[in-house]
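Subject: Structure handover

Hi,

Here is the structure I promised to pass on. Please open it and keep it beside this email while you read.

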Amino acid sequence: MQSQDVIRAVLAERRNRRQVNKILHGFPSPRFWKPPSPQQRDAYVSFIKEWSSDAEEVDFYVGVPYCPKTNPRKCGYCLFPVEVFNGSNQLDAYLDLLFAEGQLQPELKLMRPTSVFIGGGTPNLLKVGQMNRLFSILDSVCPAWRKAQLLTFEGLPALFTREKLACLADNGIHRISMGVQQLDDELCALSGRRQRVSEVLQVLQWCEEIGLNCNVDLIFGWPRQTIPSMISGLRRLADETSVDHITHYELNVGGSSEFALNLRHDLPDAKLTRDMYLEGRRFLLSRGFRQDTSYDFARSDQSNPTPHDYRECWSKFERRLIRGLGFAAISDITSNSMNSGWTVRNQSILGDYESSVVASEVPLELVYFRKKVDVQLSFLFREVQSLRLSDADFRKAFGESIHRRFGVELKVLAEAEMIKLSGDQIELTESGSYHVPLIQEILAYERQNELVANRICRMK
Ligand code: SF4
């Protein structure tokens, strides 16, 4: 166990730096995952057969790899694996592969997902006929997918048409999720993406007419962004549209993205970025939005989130699986006893994905086997995002008190006024709500060092 002094020193050293790690939805991060050996591949396939078909809570993710050409090759901040779109025939060929991958995983036929997210990449590159074909493929691969409580389809504003939105609604999709990022044409153009505010507003109006819910993603901490320009975008959404969900998240600058390589000097500093978060949060609360996670704000009459809202808000350390299908899709399977699990990523180079599927192999690129300590951290990472957690829920899931397991870390976080401890409850403060990535780092500090020391990390 780490001493309080060590944890205090780590927190003091990191709390005023620009946050470089985005919020993690599981532990450990993919840099600790490795290409599978034949034995690991077999162990994973047996594990999912044993633990996934009867699961009650499953989030089903379906990936589409392509994005429109930008200059540079992908959006300036993007850290996702993507392929450049050159024509519709690529999507036809990809749908064939998706169907074939589905046949390699027959347990998906029994799965009853609670939520389905069709993401990417840019799924709304699909034409209406291709969307219908994708939905037929899903009918065959996972017949219960349409019964999920929340069906989401992701896309770029400029590529939605009224006809595409009507097709989505006709197929039972509940909401679209648009990665808008900036409601300012000039700032948006810094990412290399051609996108107009007018296109975003048009799609929101169509959604309202058709009866589709809509989530809009916006980024703060963007090059040359100021607090007034940020508030202006939020105000337009809050006051001029009926958008029901806004994800307002911090720019993650890293890797070989254009922003990391060439626009670092234009980024707001750490203090201004934190102030942007706090001002944005206060503005949305003042407009009647309910804060569901550190970055998610919902326009809702209900005081508490429902399964139709962001799902981290109501899982309470309950066992929940993620099954991914397609290019770069991630799966996350935990055993019934919550003692072990696998997290894996499908191939993220399209040629490799295709070769695996054509060879009738589950297209695994990276895998990681979680011990109990990793499972605990993984669930804790998700729960922390909901800004409140309870010791009783942790005990029920893991058979021990969160205070016994993470007592030192929680004490230091409480001293730093990032969390409030009150009886059974742990609540994040306003400062803690901004510092969720740092809170995750602190909670995982000991285990992360252990993994690095054991040379489990691929990057070190
Ligand atoms: S559209 Fe999204 S996934 Fe595609 S390059 Fe841009 S940020 Fe990345």
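This is a predicted model: local features need pLDDT of at least 70, side-chain atom pairs count only at pLDDT 80 or more; totals for chains, interfaces and linings use all residues.

**Domains**

The domain assignment gives domain 1 (1-19 + 387-460) and domain 2 (30-299). Note that domain 1 is written as two stretches of the chain. The C-alpha centres of domain 1 and domain 2 lie 28 Å apart. Their contact takes 22 residues from domain 1 and 24 residues from domain 2.

**Cores**

The largest nonpolar core has 123 residues. Which of them have the most contacts inside it? They are Leu 134, Phe 153, Ile 176 and Met 178. Helix α4 (residues 128-141) gives the largest share of this core, with 7 residues. Both domains take part: the core draws at least three residues from each of domain 1 and domain 2.

**A residue on α4**

Stay with helix α4 and find Asn 132, which sits in it. Asn 132 counts as partly exposed, at 33% relative accessibility. Leaving out residues up to four places away in sequence, Asn 132 touches Cys 167 and Asn 171. Now look at Asp 170, which is 38 residues from Asn 132 along the chain. The C-alpha atoms of Asn 132 and Asp 170 are separated by 10.0 Å.

**The ligand**

Which residues surround the ligand? They are Cys 67, Lys 74, Cys 75, Tyr 77, Cys 78, Val 82, Gly 121, Thr 122, Leu 156 and Arg 193. This shell divides into 6 nonpolar, 2 polar and 2 charged residues.

**Helix α13**

Helix α13 covers residues 391-398. Its buried residues are Asp 391, Phe 394, Ala 397 and Phe 398. Seen down the axis of α13, these buried residues fall within an arc of 130°, so they line one face of the helix. What do they pack against? Their partners are α12 (372-385), β15 (388-390) and α14 (402-415). After α13 comes Gly 399, with a positive phi near 70°.

Two residues to look up here are Phe 317 and Ser 360. Phe 317 is not a glycine, yet its phi is positive, about 60°. Phe 317 is in the loop between β10 (296-299) and β11 (321-325). Ser 360 is also a residue other than glycine, and its phi is positive, near 60°. Ser 360 is in the loop between α11 (350-358) and β14 (364-370).

Are they buried or exposed? Phe 317 is buried, with a relative accessible area of 2%. Ser 360 is exposed, with a relative accessible area of 53%.

Pro 28 is in the loop between α1 (4-14) and α2 (38-51). Pro 72 is in the loop between β2 (66-67) and β3 (83-84).

Happy exploring.

Notes
Residues are numbered from 1 along each chain as its sequence is written. Side-chain values use heavy atoms; hydrogens and water are left out. A residue is near a molecule or strand if one of its heavy atoms lies within 4 Å of it. Ala, Val, Leu, Ile, Met, Phe, Trp, Tyr, Cys and Pro count as nonpolar, Asp, Glu, Lys and Arg as charged, and the others, Gly among them, as polar. Buried means under 20% relative accessible area, exposed over 50%, partly exposed in between (1.4 Å probe, protein chains only). Helices (H or I, at least four residues) and strands (E, at least two) are DSSP runs, numbered from the N terminus. The arc is that of the directions from the helix axis to the C-beta atoms. Contact means heavy atoms within 4.5 Å. A nonpolar core is a set of buried Ala, Val, Leu, Ile, Met, Phe, Trp, Tyr and Cys residues joined through side-chain atoms within 4.5 Å. Domain bounds come from an automatic or database domain assignment.
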